[in-house]
Each structure stands twice: as C-alpha cells, then as structure tokens.
Amino acid sequence: MIHWLKQLRSAFGVAFLWLVCLIYFTQGFRSFVWTAVSYQLKDRLQLSPSASQFVFSVAFFPWSIKPLYGIISDCIPIGGKKRTPYLVISTVLSLVPWLLLGLDSTSRSSSLYLMIFLTVQNLGSAMADVVVDAMIAEAVRLEKASFAGDLQSVSWFAMAVGGICGSLLGGYALTNLKIETIFLLFTVLPALQLLSCALVEEIPASNEPLPELLDSNGFEEKSNDEYRDKIKSNTRRRKGKKKGRKGTNNVKSVTQKKKSKSLASQLFQSLKAATFELCRAFKQPIILRPMAWFFIAHITVPNLSTVMFYYQTEVLQLDASFLGTARVVGWFGLMVGTFIYNRYLTNMTLRKSLLFAHIGLSITILLDMVLVSRANVIYRVSDKTMVLFGSALADAINQLKFMPFLILSGRLCPPGIEGTLFALFMSINNLGNTVGSFMGAGLASVLGISSGSFENMFLGLAIQVFCTYIPVLFLFLIPKEATGVSAL
C-alpha cells in the first residue's frame, strides 16, 4: 500500500494528489450538509415528497450540463491557463451559497430562494468536478496511462472517506446543532479547497489548434510525423512568399493587423472547433454505444429514493442519526465495490459485469419489498438491520456497475477536449438519474403514494424490480469484448 502511494506521488506529485483527494473528499462530505437540506424541506418547509423531488431535481440540474463547463475550460484559457482559474471560480460558487444560507434566515425559509442557492452551489461543484476530471484525464494520458485505474481508485476512495465522515457527522449535527450552523460549518472545506488551488502549478495552455482526433475505425490519433510535415511545408511556403517583398513589409504588417481576428472571433472559432471535435468523438461507436446503454439503464428504472426516505422517517420512525449511519455503511459498500472491481473484475467483459450488476440491483429492491411488507418482522429481523444491509449492498453493486465506465471513458478522452468528453459522459449519467427521478415521482403519483399514504409502496417497488431488467435487453449496445481495461 505504501509502495503504491509512493508510486502515485512520484508520477503525479504531492500537490496534484492532495488537490484531487481534497476535491473528491469534499464531494463525498456533501452528505453532511445535504442531509440537513432534506430535513429542511421535509420538516421546516413541510414540502410533499413530489415537491421535495422537484427542488432536488432543479438544484442538481447543473450536473446535467457539464459538457458546457468542459468546452469553456478547454477553449477559453484565463491568464493562459485552462484549469486552475476555473477551479478557483467554481470553488467560490460552491462556497458563497452555503455562507449566505447560514447567515440569512430568509434564504433558507423560502423554497424558491433555497432552490436558487442550492442550484448555484451545484453549479460550482459540477464545474469543479469537470475541471478535476479533465486534470486527471490529462495526467493519465500517454506514458502514465498505466496509472488510470489507480488514480480513479484513489479519487473514489477519497470520496468514500468524505462520504463516511459527512454521513457520520451529519446525523450527529442534525441532532445537536442548528441547520444554519451546519451550513456554515460546511464552508470550511470549500475555503480550504480555494487555498489549495495555489499549490498546483499548471503549464500555460498553448495556442495550437486542436489536433485531429480519431478515425472512424480504430480511434487512432493522427500521426505526429504527418502533422510536423504540414508545419514544415507551411513554413517553406511562407518563406517563399516573403522573398522579394521586403519593401512592402510595413504595409503588409498594417494590413495583417486590420485583418487579424478579434479575440471574440478567435474564441468563437475555438468553441466551434471543440464542439465539432466533440461530436466527432461522440459519434464513435466505442463511445456512443456504452453511453446510450448507460442512459437507457437510468431512464427505464424509476427512482423511488425520495419516497423511501419519507417511508423510513414517517413509518419506520428512523431518526437522522441512524440514517447517517446507514449512509456510512453505504460508503463502505462503495469502497468494497471499488476494491472488488479493481482486484478481480477488470478483465471481465462489460456485458457480463453489467448483467450481474442489474441482477444484484433487483435483489436490493427485493429487500426493500421485504421491508415494506413487514415480512422481516415475522422472521425477527429488525428494520435497522434491513436498511443497513440494503444500503451497503446497493452502493457496492452500483459501484461495480460504474467503475468500468469511469476507467474506459478516461482512457478514450482525446487530447484537447478531455474535460468536455469526460463531462459529457458524466452528464448523460446525471441526466439519466434526473429523468429516472422524475419517473419515480410520476410512478408514485399514479399509485397514490405520498406522505402518510404508502399502501401501494409494495406495488411500486415490484414495478421497479421489473424495470431493472429492461436495460439487460439493450446490452448489445456494449462492445462484445470490451472490458474495464480495453476498449476492444
């Protein structure tokens, strides 16, 4: 373990690893403050499950447009740098809303104001996530590609540790502290992240145009030799044109200045080129097909997590402290899932691992059905045991499903649009989650499931189990021989 960490430190540097781990730790620690938001909506603002779902869906929408942040950071350097300035901006956007929510009672007492501030906060968090993902994609490209899985594992481990700490402290904080105090305490991490941005040295972005990306068959980059030959050829032509024109150099210089593109025009052309290259890369079957499957896997399975939260707190009478403990167990499950995948499953084909994952997910929903039917009481299994075991199993299986795509997408990011392409993949995932949540809210509405009325909860879960197997029918979209370490 120590030797492994030393290798990563030698490959990427202490400052880079610290910043990556801190950002991911903060992402995980968000459970500390978002648990308080859930209770703020439910108890203080007294919103219904569907209304709470709407607030969360709107607030998390910035995670569904991550390619926009990627395109901007890839194409519009600030001070000659493409990453650290945007990391600073995003951190400020993450910090200020929690500060205002903690200090201003009006902002947290209105569902509209709360939704706006939460949306701005998620805008900053999503942008920071895009930037650090791009930095990781750049770091593991070329000679450091062998560290791709290791760096992703470190990132997720840091997020899991943050989630464990946030969940443990979140339950305790809700019992012993005011919600506004919780909001203010959370600002410590974004503030530390802001200071840490100064530790990372970024090489100024070059003004070279985006290289040709990938061909339609093999995803191979255009050869550097051909690119150099073009540069040399262009240089010789320019030198030839210069001969015999020394007397007109001053006039030509003035003309060139008049004809030079404005900064805005250059930025537009850069954004246009990045968008074009993104579309080219996205249309490649090795990227498009897995992304299409992953999106289908989300939108075909209704998400009833918000309804289950209301059921657990109203019917089972589970308190905030215990639910925080359940999230801790879930984060341990995520860590176990990450370890199992990297240790044993990296060479398994994606089709097989995703099939097993969906079978496992259906089992976790069956556990919820047992809980709702109260069959566990007959066999003297406590509600808390069922919730803890189900949380750990669900998070572990979801991670087994997610890890292959993280590694594969990171390795397929071509130079020039790392942030954009990786963000597009994650946005499809987030948008799918959002659509799945709306479908869950719609299913709950059709079945008449609401606060204080959970008679049809069992039927809703049964429908969810059935829907879990729909994505299995579309596994043909996944390349037959693709694994977590190979695109082919």
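Okay, let's start with glutamate 180, which makes a salt bridge to arginine 108, with the closest N and O atoms 3.6 Å apart. Glutamate 180 sits in helix α10 and arginine 108 in helix α7, residues 105-109, so this pair ties together parts that are 72 residues apart in sequence. Before I go on: this is a predicted model.

How exposed or buried are these two? Arginine 108 comes out at 10% relative accessibility, so it counts as buried. Glutamate 180 is at 17%, and because the cut-off for buried is under 20%, glutamate 180 counts as buried too.

Now, glutamate 180 has another partner. Its side chain also meets arginine 44 in a salt bridge, at 3.9 Å from N to O. That pair links distant parts of the chain as well: arginine 44 is in helix α3, residues 31-44, glutamate 180 is in helix α10, residues 179-186, and they are 136 residues apart. Put together, Arg44, Arg108 and Glu180 are linked in a network of salt bridges.

How many salt bridges does a search of the whole structure find? Five. One more to look at is aspartate 383 with arginine 374, where the closest N and O atoms are 2.8 Å apart. Aspartate 383 is buried, at 16% relative accessible area, whereas arginine 374, at 27%, counts as partly exposed.

Okay, on to the rings. The whole-structure search turns up 14 aromatic pairs. Take phenylalanine 25 and phenylalanine 29: the ring centres are 5.8 Å apart and the planes are at 15°, so this pair is stacked. Both are in helix α2, residues 14-29, and because they are four residues apart there, about one helical turn separates them. Phenylalanine 29 counts as buried, at 12% relative accessibility.

Then there's tryptophan 98 with phenylalanine 186. Stacked or edge-to-face? The centres are 5.8 Å apart, but the planes are at 75°, so that one is edge-to-face. Tryptophan 98 is in helix α6, residues 84-103, and phenylalanine 186 is in helix α10, so the pair ties together parts that are 88 residues apart in sequence.

Last one, a charge and a ring: lysine 42 lies over the face of tyrosine 310, 5.9 Å from the ring centre. That's it from me.

Methods. Residues are numbered from 1 along each chain as its sequence is written. This is a predicted model: local features need pLDDT of at least 70, side-chain atom pairs count only at pLDDT 80 or more; totals for chains, interfaces and linings use all residues. Side-chain values use heavy atoms; hydrogens and water are left out. A salt bridge is a side-chain nitrogen of Lys or Arg within 4 Å of a carboxyl oxygen of Asp or Glu. Helices (H or I, at least four residues) and strands (E, at least two) are DSSP runs, numbered from the N terminus. Buried means under 20% relative accessible area, exposed over 50%, partly exposed in between (1.4 Å probe, protein chains only). Rings of Phe, Tyr and Trp (its six-membered ring) pair if their centres lie within 6.5 Å; planes under 30 degrees apart count as stacked, over 60 as edge-to-face and the rest as tilted. A charge sits over a ring if NZ of Lys or CZ of Arg is within 6 Å of the ring centre and within 35 degrees of the ring normal.
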